[in-house]
Amino acid sequence: MSEHGTTLNIEKFGSASEAKALSAEADDWTLIIRPQTGWFDLHLADLWRYRDLVTMFVRRDFVSFYKQTVLGPLWFVLQPLLTTLTFTIIFGNLAKISTDGLPKILFYMSGITAWNYFGECLTKTSDTFNANASIFGKVYFPRLSVPISIVISNLIKFAIQFGLFLVFYFYFLFRGSNIQPNSMLLMLPVLLLLMAGLGLGSGIIVSSLTTRYRDLRFLVQFGTQLLMYSTPVIFPLSSIPEQYRWIMIANPMTPLIETFRYAFLGTGTVSWGMLGYSAVATLVIMTVGILLFNRVEKTFMDTV
Amino acid sequence: MSETVIQVRDLSKRYRLGVIGGRRLVDDINSSMARLLGRQDPLAKVDLLPGADKQKAARSDEMWALQNVSFDVEKGAVIGIIGRNGAGKSTLLKILSRVTAPTTGEVRVKGRIASLLEVGTGFHPELTGRENVFLNGAIYGMTKAEIRDRFDEIVEFSGFEKYIDTPVKRYSSGMWVRLAFAVAAHLDPEILIVDEVLAVGDAAFQERCLGKMEKVAGDGRTVLLVSHNMSTIQQICKECIMLKNGSIHKVGAPGSVVSEYLSETRVATNVDLTQWQDRTGNGFAKLSRMAFLNADGEEAGIFPIGTTICFDLETTYNRELIDPLFEVIIHDPAGEPLMHLRSEHDGLRIGKVNGRTSVRARVDNVGLYPGRYFVSARIAAGGRNVDFPRLCGSFQVTPSPGRHGDLRLNPKWGKYHLDSTWTRGDQ
């Protein structure tokens, strides 16, 4: 390519002897930059060091969201409310899909609240590389801090929607509806953790793949929608014929939604085996996601 | 005894041009199907560079932006990195900043490294100045506690205590940059890597940036500075690396490396513009050649201050144009426009033109301070931009004796020399 193309240049500032003495003396380098490192070189310690950045991102996402919209945080409440209403009318009253004998509003709202958390985590994290290309091109920080902050910001949104759900929930509870809160409520943090993990894992898998396949981006919205219909959000798992039920159960979100609903309402299909399967699937998807993401983040800037 | 804080060994970086811009999933499926069926990949790149370095550029869609670059930097050194566009400066910087990974080789760093490829990265318009200081600081790796400790200093440095709780979308762009630089200036790294983008902004701001960098360097910290601005390099740096075609071309004292760099490009006295990439325009005509001539009409690249420069512009027309306007813009070493010569100002009415024309702009008694200048040329017609190749030529102005002895021209205090007449008024 050039007349200097293959010449090896080793230049030293300062005397060579000094440098030699040093290289023998010390190996206390604080940072080593190498080519595409191994699959398992994850720099997770770095991520911990940048934990303040994660909180700053969370704050930024939240503040900028409510500052930019007229209705502000009201949107967080309005969206599930309208969706619940739509589902109640269309699926509940017109299509008359079973809700396992539960109050329709609570049935749909519990599904939507839980699903929204997962869905938002998935769609938002799946855009990590595209949405942050300009920052990623200028400064290094552990890239994983972005999707992790997204998962946490969504937790705030979830808390608000969950509060809304609780309002309806207690209303129905005091009116004496046929609902039985039970000990599965203790699993709530675990369920949230698994949903966050699943959303994050699949989101970063998609985001890693979109750096190579741009058209995948457009599939995400649609894919998430499709996934929702293969999860018992608008119908109970029990309404699916026995021979097809395995398709639903293969979806790791299914046990999470069913358990979430069961914990509050007391009806649903729940088993520890299914939950265990979800946990393992989450772990696998997370691991694959982190490995892929880590792989892509090093050379992502070369492809934009 | 000084110690080595950055050790770069055999660093190379390859870009695959084929994957830039991403691929479609369909393309990959097509390619692998073709491979499976033993046919030729319908999307394979055609080899356009048969003469290229076969060993490394075995595939024509590969480009080596850096090749086997090795150097050591000692603690407290202030190193300038220069080179023409495409020489590998940005790539080296990106690797050192960990924005991208090298293809081969290794870099070892000792100490906290802060890399400023841009100021204000990640500023969010909806957040207040205060919030952005924290966000920006965190992006550059500071903890909340560290930022809190320096917050007052940062605000004081930026000079707007009053607006710190105002969303930055209400800031002017100048304020935005100042606040961003205030954060950058307080990163307090042991090793600072700076791109010349910091040289944007007004002169006072640039002076401040340079001052800060000199101070950082004076504190015994290590600075790597990439710049096109040769006076900055000579002002601040103690050592200089010149990159050329992805390899180290010359290392040494800034003076000698800078002059080597300038001599490399000094030959451009007669520039063929037909292949020039950085241009805009509607294509009705193309500026095809630009030449620099001295008072005797000879092509030259070096002009002593006070002499004559002629710019010859050759134009090839794709259609007839009426009274096109020609312009020459002279830029300083940082690319800032300094002079604007326009044919209409000087009364050239060329009438209907087609085919090929050549026009000449003559400037007598050039007062530009010694240094390197870049030139853009432009042709416009009917108020529309026809062709505008940017920064496509360069010339050098050298010192020369003035009418009353040597001119002492310090670029810190001026850019353009005017002859003036001084008299004593009290006699």
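B:Asn68 counts as buried, at 14% relative accessibility, where buried means under 20% relative accessible area, exposed over 50% and partly exposed in between, with a 1.4 Å probe and protein chains only. The model is predicted, so that local features need pLDDT of at least 70 and side-chain atom pairs count only at pLDDT 80 or more, while totals for chains, interfaces and linings use all residues; side-chain values use heavy atoms, with hydrogens and water left out. Residues are numbered from 1 along each chain as its sequence is written, and chains are lettered from A and ligands numbered from 1 in the order in which they are written.

**Positive phi angles in chain B**

- Although B:Asn68 is not a glycine, its phi is positive, at about 45 degrees, and the residue is found in strand E2 (residues 62-74) of chain B, strands being DSSP runs of E with at least two residues and helices runs of H or I with at least four, numbered from the N terminus.
- B:Asn365, which is not a glycine either, has a positive phi of about 55 degrees, and it lies in the loop between strand E19 (356-363) and strand E20 (371-381) of chain B.
- With a relative accessible area of 45%, B:Asn365 is partly exposed.

**Chain B as a whole**

- Chain B contains eight helices and 24 strands, and 50% of its 427 residues count as buried.
- Among the contacts in chain B between residues at least 6 apart in sequence, 68% join residues at least 24 apart, a contact being heavy atoms within 4.5 Å.

**The six-stranded sheet of chain B**

- Six strands of chain B form an open sheet with mixed pairing, in the order E5-E6-E7-E3-E8-E9, where two strands pair if DSSP finds at least two bridges between them.
- Strand E5 (113-116) and strand E9 (247-252) of chain B stand at the edges with a single partner strand each, so one side of each is left without a neighbour in the sheet.
- From one strand to the next, the twist averages 15 degrees.
- Strand E6 (residues 191-194) of chain B is joined to E7(B) by four bridges, and the two run parallel; the bridge partner of B:Ile191 in E7(B) is B:Thr222.

**Strand E3 of chain B**

- Strand E3 (residues 78-82) of chain B is mostly covered, as five of its five residues are buried.
- In a regular strand the side chains alternate between the two faces of the sheet.
- B:Val78, B:Gly80 and B:Ile82 point one way from E3(B), whereas B:Ile79 and B:Ile81 point the other way, and all are buried.
- E3(B) pairs in the parallel sense with strand E7 (residues 222-226) of chain B over four bridges, and B:Val78 stands opposite B:Val223 in E7(B).
- E3(B) also pairs in the parallel sense with strand E8 (residues 239-244) of chain B, over four bridges, and in E8(B) the bridge partner of B:Gly80 is B:Cys240.

**Helix packing in chain A**

- Helix H8 (residues 145-174) and helix H12 (residues 253-265) of chain A pack at an angle of about 40 degrees, with their axes 12 Å apart.
- That angle makes H8(A) oblique to H12(A), since angles under 35 degrees count as roughly parallel, over 145 as roughly antiparallel, 65 to 115 as roughly perpendicular and the rest as oblique.
- The residues that meet are A:Phe158, A:Phe162, A:Phe165, A:Leu166 and A:Tyr169 in H8(A) and A:Phe260, A:Phe264 and A:Leu265 in H12(A).
- The residues of this contact of H8(A) with H12(A) divide into eight nonpolar, no polar and no charged, with Ala, Val, Leu, Ile, Met, Phe, Trp, Tyr, Cys and Pro counted as nonpolar, Asp, Glu, Lys and Arg as charged, and the others, Gly among them, as polar.

Notes: Axes are lines fitted to C-alpha atoms, for helices over the stretch in contact, and angles run from 0 to 180 degrees between N-to-C directions.
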